[in-house]
Amino acid sequence: MGATTLYSNTTASNNTAVGYQSLYDNTTGAENTALGRLALANNTTASHNTALGRNAYTTNTTGAEGVAVGSGALASNTTGSYNVAVGRDSLVSNTTANYNTAVGYQAGYSNTTGNVNTA
């Protein structure tokens with residue numbers, strides 16, 4: 001629901017996308033939920049992700065099993081998996097790191113590649 005949501009979808013199933021260009025690049029990633037403008041927009045093949053908020057998890061391509069709640073949460077993540085970010089811009093700089101948890105406004109903001117952190 002929304003302009004160009006799931007635009008590139010080919011064989012993916014069980015995805016929910018609400019908001020302008022949410023899950024836009026998704027081709028085969030399954031069981032993702034994206035709610036908000038550009039939420040999971042660059043996701044291609046990753047599965048089991050949840051993004052709630054404008055630009056949440058927006059650059060993710062193949063990172064799986066993650067949760068981003070809040071505007072900009074996990075916005076720079078590309079391939080990191082098993083991350084949880086709750087709060088505006090939490091783990092916003094994370095790119096490839098795994099198993100991180102951040103709760104609160106800008107929690108874990110500067111973490112880029114560090115694994116298994118809690119903020």
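Student: Before we look at residue partners, what must DSSP find for two strands to pair?
Tutor: Good place to start, and keep in mind that this model is predicted. Two strands count as paired when DSSP finds between them at least two bridges.

Student: Then which residue in β2 is the bridge partner of Thr16?
Tutor: Strand β1 covers 16-18, and β2 covers residues 33-35. The two strands run parallel and are joined by 3 bridges. In β2, Thr16 has as its bridge partner Thr33.

Student: What is the order of the strands in the open sheet?
Tutor: The protein chain has 0 helices and 6 strands, and from the N terminus its elements run β-β-β-β-β-β. The open sheet has 6 strands with parallel pairing, and their order is β1-β2-β3-β4-β5-β6.

Student: Which are the edge strands, and by how many degrees are neighbouring strands turned on average?
Tutor: An edge strand pairs on one side only, and here those strands are β1 and β6 (101-103). Between neighbouring strands of this sheet, with direction ignored, the average turn is 5°.

Student: Is Thr5 buried or exposed?
Tutor: Thr5 sits in the segment before β1. Its relative accessible area is 16%, and buried means under 20%, so Thr5 is buried.

Student: Which residues does Thr5 touch, and how far is its side chain from the backbone oxygen of Gly2?
Tutor: Setting aside residues up to four places away in sequence, Thr5 touches Ala17, Gly19, Gln21 and Ser22. A polar atom of the Thr5 side chain lies from the backbone oxygen of Gly2 at a distance of 3.3 Å.

Student: How many aromatic pairs are there, and what is the arrangement of Tyr7 and Tyr24?
Tutor: Searching the whole structure gives 2 aromatic pairs. In the pair of Tyr7 and Tyr24, the ring centres are 4.9 Å apart and the planes are at 0°. Planes under 30 degrees apart count as stacked, so this pair is stacked.

Student: How many residues apart in sequence are the parts that this Tyr7 and Tyr24 pair ties together?
Tutor: Tyr7 belongs to the segment before β1, and Tyr24 to the loop between β1 and β2. Tyr7 is exposed at 54% relative accessibility, while Tyr24 is partly exposed at 23%. The parts tied together by the pair are apart in sequence by 17 residues.

Student: What is the angle between the planes of Tyr82 and Tyr99?
Tutor: Tyr82 lies in the loop between β4 (67-69) and β5 (84-86), and Tyr99 in the loop between β5 and β6. Tyr82 is partly exposed, with a relative accessible area of 41%. The rings of Tyr82 and Tyr99 are stacked, at 4.9 Å centre to centre, and the angle between their planes is 5°.

Student: Which residues are in contact with Arg54?
Tutor: Arg54 is in the loop between β3 (50-52) and β4, and is partly exposed at a relative accessible area of 45%. Leaving out neighbours within four places in sequence, its contacts are Gly36, Arg37, Gly70, Ser71 and Gly72.

Notes:
Residues numbered from 1 in each chain as written. Predicted model: local features only at pLDDT ≥ 70, side-chain atom pairs only at ≥ 80, totals over all residues. Heavy atoms only, no water. Helix = DSSP H or I, 4+ residues; strand = E, 2+ residues; numbered from the N terminus. Buried < 20%, exposed > 50% of the residue type's maximum accessible area, 1.4 Å probe, protein only. Polar contact = N/O pair within 3.5 Å; in protein donor to acceptor, adjacent residues only side chain to side chain. Contact = heavy atoms within 4.5 Å. Axes fitted to C-alpha atoms, helices over the stretch in contact; angles between N-to-C directions. Phe/Tyr/Trp six-rings, centres within 6.5 Å; stacked < 30°, edge-to-face > 60°.
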